Amino acid sequence: MGISKVFSALDISATGLTAERIRMNVIANNIANANATNSPDGGPYRREQVEFQSILNKAANLSDIDGMERLGGVKVSNIMKSNEPFNKVFIPGHPQADENGFVEMPNVNIATEMVDLVTASRSYEANLAVINSSKDITNQALSIIGR
Amino acid sequence: MAVLLINNNDGSIQQNKGFDFVEEQKGASFKDTLGGFINEINDLQVKASDSIEKFSGGKIENIHEVMVAMSKAEVSFKFMMETRNKLVETYKEVMRMQM
């Protein structure tokens, strides 16, 4: 269609924003469950990570560089559970404690999660900057005709 | 466009095939292009208000989707206004022409 092609950069960056938001939600879930010794799967909560995948518009011709129709943005393809070992903490008397008094705590490291959170936040900002910039250049192009 | 010539001898009107060189344009007319264009911009406006409605109804959880829809509507509307201004300006320019 005609005018919608003008906004292709906007749409691509919007997929990035959506992906980063999902990543932030997963990090929030990790931090919220940092001390959860019980999970629906049994055992303590396992740390989750997002996997990003770039979207390729297969319908478009791959050699078509002018149209840029093959650029589809990014999506979260998978949310994986981490296989890192659980932290063992000595808490005798805890309902989940083993015979030696050790409790398996989730394999969530708060410091790592905070770093990931900052990364996700900055990536969100970067996508926003692209959106604002593409909007700006469209507005500036509109000022060619105006006085 | 066919040119009609009046034959002075008998007053009858005949079509002169020799002047039939300006063919009717096959592509979309300016009016159709403009109409389709305005329809498209209207669609974007409708989409924007639709997404605001959905967002307030809790059906969209991403604010940026609403914002992107609104900014598309805004930019395309601005584009339409610029086109309109230029059109009106051109019309006025023609009307000012000395006869």
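**Entry 1: the first helix of chain B**

What covers the buried residues of α1(B)? I looked this up first in the predicted model, and found that the cover includes α2 of chain B. The buried residues of α1(B) themselves are B:I41, B:L44, B:A48 and B:S51. I note the general rule that an α-helix has 3.6 residues a turn, so residues three or four places apart point the same way.

I then checked the length of this helix. α1(B) has 27 residues, which at 1.5 Å a residue should span 39 Å; the end C-alpha atoms are 39 Å apart, so the two values agree. After α1(B) comes B:G58, with a positive phi near 80 degrees.

I also examined B:I38, which is placed in helix α1 of chain B. The C-alpha atom of B:I38 is separated by 9.0 Å from that of B:F77, although the two residues are 39 apart along the chain.

**Entry 2: chain B as a whole**

I read the pattern of chain B along the sequence as β-β-α-α, that is, two helices and two strands. Of its 99 residues, 12% are buried. Among the contacts in chain B with a separation of 6 or more, 31% are between residues 24 or more positions apart.

I looked next at the confidence. The mean pLDDT of chain B is 80, and 74% of the residues score at least 70.

I turned to α2(B), residues 63–95. Its 33 residues should span 48 Å at 1.5 Å a residue, and the end C-alpha atoms are 48 Å apart, which agrees. I listed the buried residues of α2(B) as B:H64, B:V68, B:A69, B:S71, B:K72, B:A73, B:V75 and B:S76. Against what do the buried residues of α2(B) pack? I found α1 (8–32) and α2 (110–142) of chain A, together with α1 (30–56) of chain B.

**Entry 3: chain A**

I read the elements of chain A from the N terminus as α-β-β-β-β-α, which gives two helices and four strands. Of its 147 residues, 14% count as buried. Residues 24 or more positions apart account for 64% of the contacts in chain A with a separation of 6 or more.

For α1(A), I compared 25 residues with a reach of 36 Å from the first C-alpha to the last, close to the 36 Å expected. Buried residues of α1(A) include A:L10, A:A14, A:L17, A:R23, A:V26 and A:N30. The cover of the buried residues in α1(A) includes β1 (48–56), β2 (71–81) and α2 of chain A, together with α2 of chain B.

**Entry 4: where the chains meet**

How many residues of chain B are in contact with chain A? I recorded 15 residues of chain B, in contact with 16 residues of chain A. On the chain B side, α1 and α2 each supply at least two residues, and the largest share, 11 residues, comes from α2(B). By class, this side has five nonpolar, four polar and six charged residues.

α2(A) and α2(B) pack at an angle of about 10 degrees, with their axes 10 Å apart. The two helices are therefore roughly parallel to each other, because angles under 35 degrees count as roughly parallel. From α2(A), I noted A:I131, A:K135, A:T138, A:N139 and A:L142, which meet B:V68, B:S71, B:V75, B:K78, B:F79 and B:E82 of α2(B). By class, this contact has five nonpolar, three polar and three charged residues. Of the residues named here, B:V68, B:S71 and B:V75 are also among the buried residues of α2(B).

How values were computed. Residues numbered from 1 in each chain as written. Chains lettered and ligands numbered in written order. Predicted model: local features only at pLDDT ≥ 70, side-chain atom pairs only at ≥ 80, totals over all residues. Expected span 1.5 Å × (residues − 1). Buried ≥ 20, exposed ≤ 12 C-beta atoms within 10 Å, placed from the backbone. Contact = placed C-beta atoms within 7 Å. Nonpolar A, V, L, I, M, F, W, Y, C, P; charged D, E, K, R; others polar. pLDDT = per-residue confidence, 0-100. Axes fitted to C-alpha atoms, helices over the stretch in contact; angles between N-to-C directions. Parallel < 35°, antiparallel > 145°, perpendicular 65-115°, else oblique.
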